[in-house]
Amino acid sequence: MSAQPIVAHGRVLRYSFHERLVHWLAAVSYIYLMLTGLAFWSSWLFWIATVLGGATVSRELHPWAGVVFVFATLLMYGMWGKQMHETELDKEFFRAVPHYIRNEDELVPSADRFNGGQKLLFWGFFWCGILLLLSGLILWFPNLIPWNLRYLRYFAVIVHPSAALLTIGLFIIHVYIGTAMERGAFGSVIRGDVSVGWAKRYHRVWYERMARDAAGRK
Amino acid sequence: MSQAILEIRRISGHAGSVPGAGVRREFDVCKLIDTTTCIGCKACEVACLEWNGLSFSETTFDNSYQTMPETQWNYWNLIKFNEHEREDGTLQLLMRKDQCMHCEEPGCLVACPADGAIVQYVNGIVDFQQDHCIGCGYCMSGCPFNIPKFSPTARKVFKCTLCVDRVTQGLEPACIKSCPTGCLHFGTKTEMKELGEARATQLRDHSGFANAGVYDPPGVGGTHVVYVLHDATNPEAYGGLPKDPHIPWTVRLWKSPLKWLGNLAIVGGVVGVFVHYLRFGPKIAPPDEETPPQSGTLPRGSAPRQGDRP
């Protein structure tokens, strides 16, 4: 976090430059992984690999993009791991999800820096990322797996797409909420700041702590 | 015979139908390997290298006559030597020519994501097309016989072609041509099954091999390479020939139920969020009613604004 989260003109710094950079490192590598992965997933989507420079190129670069994604995920764990622990507030948030979906936001308990849904997204990507890494390493070097350890490959071919599908589900919801649904959220991860009204509506606990801290420093 | 040989029945990673499939009269080709008359001379190994222009690889000595532990990307035909102690204490030296079995239900083709990298011809030959291969190695996980092998230099996978280039010209595969004992035969599947069964009957009735039989595993839909074994109840003794080979269940699960569930979930998810937007629209945070606390400076790139827009 920046030392001075409360900025002028009614706006609040939500994500520091470092946080935004790591987010986009993860996002760009993930989108490449998802597109090339979908090309290998279904013959009806194989054309994606053709568009991205040919399936041989995709097969060679997909694992390296995975390394970048895992690196970004570890950085995110370092930045946000502690802030992602589940609290009582999150349980209340999950109970209020029907209200959240119907945009009855005044009935949704206000969250700390991250709400329950964001924490679910984080841990979903984190644990799926570990599964994707383990199975992905096996699929990267199939020729190094001897015949008597072939069960590792059998494990990998089912775990890798299953974990990837879970992340695609999270990805669809994350992108939808972050761009189309929750106006202001996309700006927070591009320019870094949100309006005070936004901060109070969705993350009041966080905003109030920031405001207290800022007042304390004066 | 020759024109129909290159008619394709199935294509890996291919969206849509197979061009021309089922148009002509079909017939299957088949190799018959009689392990009971193999003498382990390895003429077939040499003929395979010669015909396919492969260089001779380094051999591995492991206290047996076997050239190397398993087939390699540039060594497609390997006789497996196994000393087998029978129940009565007598010793048998089992020799089995190992190569691609050309399954009727090929696990390699099912697992392959690359359009056209693996084709199955109408005559049963399963052939890798290296110009379409992307080197992912999924075929190695689909195969129950440990046959497709990855070349670290070419970064593609190779295996026995059943000498498709010879077969199209009406010739038998190179290994068959080189066999000095006549333990290798080539013809239609029906003929080879008949010949194999006749030999197995002979072994049972006249040579004291009560369990002699033909190996044509139904778990992969039958194969276009069939064996005559002295003891068909114990194929594992012949250098690990699987007793009941199947495409691994995880590969099957991945390629059919998971694929359809996953596709439905992805389409459902995209449609779901779109419909949600139509029904409920965006969330717009109200502008702040109080004066915001003033502290610090404006971050670069952020302009004072009312309300929020992405």
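In chain A, helix α1 (residues 17–41) and α3(A) cross at roughly 150 degrees, and their axes come within 8 Å. The model is a predicted one, and that applies to everything that follows. Two packed helices are described by the angle between their axes and the distance between the axes. As for handedness, the crossing of α1(A) and α3(A) is left-handed. On the α1(A) side the contact draws on residues including Glu19(A), Val22(A), Leu25(A), Ala26(A), Tyr30(A) and Leu33(A). Helix α3(A) answers with, among them, Ala55(A), His62(A), Val68(A), Phe69(A), Leu75(A) and Met79(A). Sorted by type, the residues of the contact of α1(A) with α3(A) come out as 15 nonpolar, seven polar and one charged.

Helix α3(A) turns up again where the chains meet. The contact between the chains takes 58 residues from chain A and 55 residues from chain B. On the side of chain A that touches chain B, the elements giving two or more residues include the strands β1 (6–7), β2 (11–13) and β3 (193–195) of chain A. The helices α3 (55–80), α7 (150–181), α8 (185–190), α9 (196–202) and α10 (204–217) of chain A are also among them. Of these elements, α7(A) gives the most, with 16 residues. The residues of this side of chain A divide into 30 nonpolar, 16 polar and 12 charged.

Turning to chain B, there are nine helices and 11 strands. Of its 310 residues, 41% count as buried. Among contacts in chain B between residues at least 6 apart in sequence, 60% join residues at least 24 apart.

One of the sheets in chain B is open, has four strands in the order β9-β2-β11-β10, and shows mixed pairing. Its edge strands are β9 (184–188) and β10 (213–215) of chain B, each of which pairs on one side only. Neighbouring strands here are turned by 25 degrees against each other on average, direction ignored. Strand β2 (residues 29–34) of chain B pairs with β9(B) in the antiparallel sense over five bridges. In that pairing, Lys31(B) stands opposite Phe186(B), and the bridge partner of Val29(B) in β9(B) is Thr188(B). With β11(B), by contrast, β2(B) pairs in the parallel sense, over four bridges. There, Asp34(B) stands opposite Val228(B) in β11(B).

Six of its six residues are buried, so β2(B) is largely enclosed by the rest of the structure. In a regular strand the side chains alternate between the two faces of the sheet. Both faces of β2(B) are covered: Val29(B), Lys31(B) and Ile33(B) are buried on one side, and Cys30(B), Leu32(B) and Asp34(B) on the other.

Three bridges join β1(B) to the antiparallel strand β5 (residues 118–121) of chain B. Across this pair, Arg10(B) stands opposite Gln120(B) in β5(B).

In soluble globular proteins, nonpolar side chains tend to be buried together. The largest nonpolar core in the model has 92 residues. Those with the most contacts inside this core are Cys108(B), Cys112(B), Ile118(B), Cys139(B) and Val226(B). Even so, it is α7(A) that gives the most to this core, with eight residues. Leaving aside residues up to four places away in sequence, Val226(B) touches Cys30(B) and Leu32(B), along with Met192(B), Lys193(B), Gly196(B), Val214(B), Tyr215(B) and Asp216(B). A second, separate core of 16 residues includes Phe93(A), Val108(A), Ala111(A) and Trp198(A).

Key: Residues numbered from 1 in each chain as written. Chains lettered and ligands numbered in written order. Predicted model: local features only at pLDDT ≥ 70, side-chain atom pairs only at ≥ 80, totals over all residues. Pairing = 2+ DSSP bridges. Contact = placed C-beta atoms within 7 Å. Nonpolar A, V, L, I, M, F, W, Y, C, P; charged D, E, K, R; others polar. Axes fitted to C-alpha atoms, helices over the stretch in contact; angles between N-to-C directions. Core = buried A, V, L, I, M, F, W, Y, C linked by C-beta atoms within 7 Å. Buried ≥ 20, exposed ≤ 12 C-beta atoms within 10 Å, placed from the backbone. Left-handed = near helix turned anticlockwise from the far one by under 90°.
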